[in-house]
Amino acid sequence: MDQLPIIDLSLLNPLNCDFDTIFDKEETLSVAKSLYNALSHYGFLYITGHGIPDNVISDAFGASKEFFKPVNRAIHKTHYRRKGKLLGYVDGLNERDLPENPIDLKQGYDFTLKSPEFDEMPGEQKPAIKELYKHFETLSQFILRFLGVSLDVGTDYFLPGHTQVGDITKNSSTMRILYYQAVNGEILEKQSRMSDHTDFGTFTMLMQDQVGGLQVLSPTGHEFINAVPIKNSIIFNVGDLLQTWSQGKLKSTLHRVILPKEMVRLQMSRQSIVYFTNPDNSFMITGTDENGNVEKKSVLEHMEERNNTTIIDVAEKPIPA
């Protein structure tokens, strides 16, 4: 089976480099070419050498796991997502990528650092999660510039579309923590931990534990590639709007999280932490469709349409007390 490419950023020191000089260096251009090749073919890759300390990652995963324990059900209920609500708690009932399939076996929580959803998390869990969030923010700014280099459009090309990151009223960039519960009961046909989907915005950075299950549609479209966990790496993928923005050169690829077939792994919970970088709501993206026709997309309209397609208004909040 095919494997996703790995890009090592350690020579570029992305969290502490000088943005004014790093992108002119020979080693940067070489890695940028590899980045373009991976994203134009697969739409996905692993990032190693990103510079986020191991203890920051492990502490954030520990805090995330605590957050999904039953003691925090009141917070989950208060912030249960519905149509038009970009932040808060989701499960397999109120978020449905494939409504015709059985519900996904997942729990998730979306927030920004300036949102009530973050403010109302338990105090002992917030510092570790905030630390990882800030690292993702810095890395996102590096990658926005790096993508411009890889596409040969200049380091500033994507920056005007991301001036309001952090203000949820003007930009929908968010962090999502995810917990996939252990499965001990019956599994229905076509049931997943997360159904087939693409991501909405510019790009996604994801960290996962060692349980596995993430799969990416191959370039042939005939099979899925296992995104086998590489400890403390980031899985990076192109979103729908970046595919349009890059004139279709970079691919937004279908992916999913399957339930493992082995009983021992099925009875293990799974975790991931995701940072979504999205353009400002007011920005208009001009690109070409698959037929070469010019298309303009309103970011706000696109994000609202995609969110309202996947978020379901549930009459009664079904989270156990």
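Guide: A nonpolar core is a set of buried Ala, Val, Leu, Ile, Met, Phe, Trp, Tyr and Cys residues joined through side-chain atoms within 4.5 Å; buried means under 20% relative accessible area, exposed over 50%, and partly exposed in between, with a 1.4 Å probe and protein chains only. The model is predicted, so local features need pLDDT of at least 70 and side-chain atom pairs count only at pLDDT 80 or more, while totals for chains, interfaces and linings use all residues. Residues are numbered from 1 along each chain as its sequence is written, and side-chain values use heavy atoms, with hydrogens and water left out.

The largest nonpolar core has 64 residues, of which Phe136 and Leu147 touch the most other members. Helix α5 (residues 126-150) gives the most to this core, with 12 residues; helices (H or I, at least four residues) and strands (E, at least two) are DSSP runs, numbered from the N terminus. Beyond its neighbours within four places in sequence, Leu147 has contacts (heavy atoms within 4.5 Å) that include Leu35, Phe158, Phe236 and Leu250.

Phe136 also belongs to a cluster linked by ring pairs, among whose members are Phe67, Tyr109, Phe111 and Phe118. Rings of Phe, Tyr and Trp (its six-membered ring) pair if their centres lie within 6.5 Å; planes under 30 degrees apart count as stacked, over 60 as edge-to-face and the rest as tilted. Phe67 and Tyr109 form a tilted pair, 4.5 Å centre to centre with 45° between the planes. Phe67 lies in helix α2 (residues 54-67) and Tyr109 in strand β4 (residues 107-111), so the pair ties together parts 42 residues apart in sequence. Both Phe67 and Tyr109 are buried.
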